[in-house]
Amino acid sequence: NQITTIPLISQELFDETLLENEEIFELSPDEALQETIDQFTKQQQQVQPNDGNNSTTTTKFLDHLCLLHPHSSQGKQERMIRQQFVQWCNDLDTCIHTDGT
C-alpha cells in the first residue's frame with residue numbers, strides 16, 4: 001500500500017474559495033459555506049478514495065480550519081483568536097535556540 005500525502009488546505013484558500021463561491025453562484029453565506037465544504041470534500045475523495053472503513057463521508061481533513069463564514073462575527077472572532085495563537089507560538093519559537101536551549 002502506498003500512502004498518499006495530501007497537503008493541508010490553508011485557511012486563506014478556504015476563505016477565498018468560500019467568498020468566490022458566494023459571489024459567482026450568488027449563494028447565501030450558509031449555502032456558500034456548505035458548497036465550499038462539499039467542494040473540498042469531493043476533491044479529497046478524488047485524491048484519497050474511501051477505503052471502505054468509514055461508511056459516512058468525513059470532513060476530518062478540514063478539522064484544522066475555522067469552518068465559519070469569514071464575514072460573520074463568530075467567524076471573525078475565531079480567526080482573530082487563531083491568529084493570536086499562531087503569533088504566540090511564533091513568539092515562543094524566537095525564545096528557543098537551534099540547540100534547543
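This report walks through the helices of a predicted model, their packing and the core between them.

Residues are numbered from 1 along each chain as its sequence is written. Because the model is predicted, local features need pLDDT of at least 70 and side-chain atom pairs count only at pLDDT 80 or more, while totals for chains, interfaces and linings use all residues; side-chain values use heavy atoms, with hydrogens and water left out.

**Overall layout**

The protein chain holds 3 helices and 0 strands, in the order α-α-α from the N terminus on. Here helices (H or I, at least four residues) and strands (E, at least two) are DSSP runs, numbered from the N terminus. Of the 101 residues, 23% are buried, where buried means under 20% relative accessible area, exposed over 50% and partly exposed in between (1.4 Å probe, protein chains only). Among contacts with a separation of 6 or more, 44% link residues 24 or more positions apart; contact means heavy atoms within 4.5 Å.

**Helix 1 against helix 2**

How do the axes of helix 1 and helix 2 cross? They come within 8 Å and cross at roughly 125°, with axes fitted to C-alpha atoms over the stretch in contact and angles running from 0 to 180 degrees between N-to-C directions. The two helices are therefore oblique to each other (under 35 degrees is roughly parallel, over 145 roughly antiparallel, 65 to 115 roughly perpendicular and the rest oblique). The residues that make the contact are listed here.

| Helix | Residues in the contact |
|---|---|
| Helix 1 | Leu13, Phe14, Thr17, Leu18, Asn21, Glu22 |
| Helix 2 | Pro29, Ala32, Leu33, Glu35, Thr36, Ile37, Gln39, Phe40 |

These residues divide into 8 nonpolar, 4 polar and 2 charged. In this scheme Ala, Val, Leu, Ile, Met, Phe, Trp, Tyr, Cys and Pro are nonpolar, Asp, Glu, Lys and Arg charged, and the others, Gly among them, polar.

**The nonpolar core**

The largest nonpolar core has 10 residues: Ile9, Phe14, Leu18, Ala32, Leu33, Ile37, Phe40, Phe61, Leu62 and Leu65. Such a core is a set of buried Ala, Val, Leu, Ile, Met, Phe, Trp, Tyr and Cys residues joined through side-chain atoms within 4.5 Å. Helix 2 gives the most to this core, with 4 residues. Leaving out residues up to four places away in sequence, Phe40 touches Ile9, Leu13, Phe14, Thr17, Phe61 and Leu62.

**Asp15**

Beyond its neighbours within four places in sequence, Asp15 is in contact with Pro70 and Arg79. The C-alpha atoms of Asp15 and Pro70 are 6.5 Å apart, although 55 residues separate the two along the chain.
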